[in-house]
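I set out to look through this model and to record what I looked up, entry by entry.

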Amino acid sequence: MTFPKKLTIAIDGPAASGKSTTARLLAKKLGYVYIDTGAMYRAITLAVLQSGADPSHKEESEKIAAKSLIELKIINGTQQTFLDGIDVSSQIRSPQIDKAVSEIATNAAIRKLMVRQQQRLAENGGIVMDGRDIGTVVLPTADLKIFMNASIEARALRRLKDQSGQGLSLEEIKKDIERRDHIDSTRKDGPLKKAADARELDNSSLSIDEQVEIIFKWAKEVAQI
Ligand code: CDP
């Protein structure tokens, strides 16, 4: 089915809170495009690491970001991330990227480049976009804003389950999530923050289907159908 109205839906929340899975399924149900903004920061991080630069070196990282081409393409119904024409969808999920991405995401110049690109992608509506600053900075006038959260235990357990042979322990995953959340919520530019008009959804004890159903109902409510 295609949802009769082309809404703009923003989903924010901390690391591993289930945003991506929920946003992807919701977009499918609505016949919308799903945009995973985290993948864009991850791809820039990969570009910086590949060039041998230090992610904490702001100017150098910005230069690399400015000349990197990031494309999000839908292939067989799933978003794939391309860096300079190469599919890097699995590479950007490695622990090395997890470790460095939040540093890259504190870079104001890089955020500016990403936000502009994200706003362009959302121009025509009919999208579900997830990230940290979508409801606050990227799409402040989104039709529906959701702030997803879950306990640290639930989030770490989910990551443990879907890590593909990376061999991290539950404790290591927990530490990485907490470290990223701390950097993400204390940075000056576009911090992880609930927008004043966002609806909060704690999914610690919800299944994916239940989460999608709740947001789908909210979308119908907003669209008045
Ligand atoms: O999937 P997970 O929750 O682990 O993270 P992600 O959504 O892929 O985002 C990876 C990192 O990118 C985050 O920890 C943030 O540092 C950064 N990010 C951001 O700063 N702003 C966004 N809109 C999206 C991601």
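**Entry 1: the ligand**

I began with Arg180, where an N or O atom of the side chain is 2.7 Å from an oxygen atom of the ligand. I note at the outset that the model is predicted.

I then looked up two further side chains. Ser102 has a side-chain N or O atom 3.1 Å from an oxygen atom of the ligand, and for Arg132 I also read 3.1 Å between such a side-chain atom and a ligand oxygen. Next I asked how much of the ligand the protein buries. The ligand taken alone exposes 530 Å², and 99% of that is buried by the protein.

**Entry 2: the shell around the ligand**

I listed the elements that give two or more residues to this shell, and they are α2, α4 and α8 (170-186). The largest share, 4 residues, comes from α2. In total, 20 residues surround the ligand, and the closest are Arg42, Arg111, Arg159, Arg180 and Asp184. I sorted the shell by class and recorded 10 charged, 6 nonpolar and 4 polar residues.

I looked up which residues of α4 are buried, and found Ile97, Asp98, Ala100, Val101, Ser102 and Ile104. These buried residues pack against α2, α3, α5 and α8.

Is Thr45 buried or exposed? Its relative accessible area is 0%, and Thr45 is therefore buried, the cut-off being under 20%. Leaving out residues up to four places away in sequence, Thr45 touches Ile97, Ala100, Val101 and Ile104.

**Entry 3: the nonpolar cores**

I turned to the nonpolar interior with a general point in mind. In soluble globular proteins, nonpolar side chains tend to be buried together.

The largest nonpolar core in this model has 31 residues, and Ile44, Ile70, Met114, Met129 and Leu139 have the most contacts inside it. The elements that give two or more residues to this core are α2 (37-50), α3 (58-66), α4 (95-104), α5 (108-122), β6 (127-131) and α6 (134-138). Helix α2 gives the largest share of this core, 8 residues.

I also recorded a second, separate core of 21 residues, which includes Ile11, Ala23, Ile146 and Trp218.

**Entry 4: Met129**

Last, I asked which residues are in contact with Met129, leaving aside neighbours within four places in sequence. Among them are Ile9, Ala10, Ile11, Ile35 and Thr37. The list also includes Gln118, Ala122, Ile134, Val138 and Leu139.

Terms used
Residues are numbered from 1 along each chain as its sequence is written. This is a predicted model: local features need pLDDT of at least 70, side-chain atom pairs count only at pLDDT 80 or more; totals for chains, interfaces and linings use all residues. Side-chain values use heavy atoms; hydrogens and water are left out. A nonpolar core is a set of buried Ala, Val, Leu, Ile, Met, Phe, Trp, Tyr and Cys residues joined through side-chain atoms within 4.5 Å. Buried means under 20% relative accessible area, exposed over 50%, partly exposed in between (1.4 Å probe, protein chains only). Contact means heavy atoms within 4.5 Å. A residue is near a molecule or strand if one of its heavy atoms lies within 4 Å of it. A polar contact is a pair of N or O atoms within 3.5 Å; within protein, one must be able to donate a hydrogen and the other to accept it, and residues adjacent in sequence count only if both atoms are side-chain atoms. Accessible areas come from the Shrake-Rupley method with a 1.4 Å probe; for residues, only the protein chains shown count as cover. Ala, Val, Leu, Ile, Met, Phe, Trp, Tyr, Cys and Pro count as nonpolar, Asp, Glu, Lys and Arg as charged, and the others, Gly among them, as polar.
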